[in-house]
Amino acid sequence: MTPREFQPVTTRPEEIEQLSFRMITEELGEHPFTDEQFPVVQRVIHSSADFELGQSLLFHPDAIRSGIEAILAGKPVVADVQMVQVGISKPRIERFGGDVRVYISDPDVAAEAKRLGTTRAIVSMRKAVREAEGGIFAIGNAPTALLELIRLVRTGEAKPGLIVGVPVGFVSAAESKEELAKLDVPFITNRGRKGGSPTAVAIVNALSLMAERQK
């Protein structure tokens, strides 16, 4: 007897997404997130299949509003690395006049980092804050980038519209996010070592979808 081959529930992309979100909502059950925060949590879980990661998210009270306003105002999105940059839905950002930038591979950033004996991630944030005031900073990989951005906020040199700080890793990743959560500027972060490019991308894409629906 030939075993039956597995057949997908549906092959229609929109139905797959709807079914996924329904399953996430049902499996997550009761949660502490507001109605405006929950679409972000859903997208993070959808991108990772990791409920623990989704439940670890932390939101500044003004985070969602500030992120949507930055997108609608055409402010830039600054990514810490190319992996974050390529994952963000650029047409939705560009629709409102914004763009998605990454500075870490710029020749002047590399040269300055070598001169100072520090990371390109740190120098890239110093350059970014001069060119992207009021923008969304999406950091998914480099804790040193997040810590430098936090320092620049504290010294008054950086005025981001929103910080999405979710670097993944073992060295300073969790600690950098704890420091971010102490700031009185709009942020979205999470507790612990988990995070990464897909998480940062999912958060920004969720915000751009929300902005698109508001327009």
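This section describes helix packing, the nonpolar core, an aromatic pair and selected backbone positions in a predicted model. Residues are numbered from 1 along each chain as its sequence is written. In this predicted model, local features need pLDDT of at least 70 and side-chain atom pairs count only at pLDDT 80 or more, while totals for chains, interfaces and linings use all residues; side-chain values use heavy atoms, with hydrogens and water left out.

Helices and strands are DSSP runs numbered from the N terminus (helices H or I, at least four residues; strands E, at least two). Helix α1 spans residues 13–28 and helix α2 spans residues 38–48. The two pack at an angle of about 105°, and their axes are 10 Å apart. Axes here are lines fitted to C-alpha atoms, for helices over the stretch in contact, and angles run from 0 to 180 degrees between N-to-C directions. The angle makes α1 roughly perpendicular to α2. Angles of 65 to 115 degrees count as roughly perpendicular, under 35 as roughly parallel, over 145 as roughly antiparallel and the rest as oblique.

Contact means heavy atoms within 4.5 Å. On the α1 side, the contact is made by Glu 17, Ser 20, Phe 21, Ile 24, Thr 25 and Leu 28. On the α2 side, Phe 38, Val 41, Gln 42, Arg 43, Ile 45 and His 46 take part. The residues of this contact divide into six nonpolar, four polar and two charged. Nonpolar covers Ala, Val, Leu, Ile, Met, Phe, Trp, Tyr, Cys and Pro; charged covers Asp, Glu, Lys and Arg; the others, Gly among them, are polar. An α-helix has 3.6 residues a turn, so residues three or four places apart point the same way.

Gln 42 belongs to helix α2. Gln 42 counts as buried because its relative accessibility is 14%. Buried means under 20% relative accessible area, exposed over 50% and partly exposed in between (1.4 Å probe, protein chains only). Residues up to four places away in sequence aside, Gln 42 touches Phe 21, Ile 24 and Thr 25.

One aromatic pair was counted. Rings of Phe, Tyr and Trp (its six-membered ring) pair if their centres lie within 6.5 Å; planes under 30 degrees apart count as stacked, over 60 as edge-to-face and the rest as tilted. Phe 33 and Phe 59 form an edge-to-face pair, 5.9 Å centre to centre with 75° between the planes. The pair links distant parts of the chain, 26 residues apart. Phe 33 lies in the loop between α1 and α2, and Phe 59 in strand β1 (residues 57–59). Phe 33 is buried at 10% relative accessibility. Phe 59 is buried too, with a relative accessible area of 14%.

Helix α4 (residues 63–72) is largely enclosed by the rest of the structure, because seven of its ten residues are buried. These are Ala 63, Ile 64, Ser 66, Gly 67, Ile 68, Ala 70 and Ile 71. Gly 74 follows α4 and has a positive phi, near 75°.

A nonpolar core is a set of buried Ala, Val, Leu, Ile, Met, Phe, Trp, Tyr and Cys residues joined through side-chain atoms within 4.5 Å. The largest such core holds 67 residues, of which Ile 163 and Ile 203 touch the most other members. Helix α11 (residues 197–214) supplies the largest share of this core, nine residues. Beyond its neighbours within four places in sequence, Ile 163 is in contact with residues including Phe 137, Leu 146, Leu 180 and Phe 187.

Leu 162 is in strand β5 and is buried at 0% relative accessibility. Its C-alpha atom is separated by 7.6 Å from that of Gly 134, 28 residues apart along the chain. Outside four places in sequence, the contacts of Leu 162 include Ala 63, Gly 67 and Leu 207. Pro 167, in the loop between β5 and α10, is likewise buried at 0%. Pro 167 and Thr 144 are 9.3 Å apart, C-alpha to C-alpha, and 23 residues apart in sequence.

Most residues other than glycine have a negative phi. Ala 49, not a glycine, has a positive phi of about 55°. Ala 49 lies in the loop between α2 and α3 and is exposed at 67% relative accessibility. Ser 172, also not a glycine, has a positive phi of about 70°. Ser 172 sits in the loop between β5 and α10 and is partly exposed at 29%.
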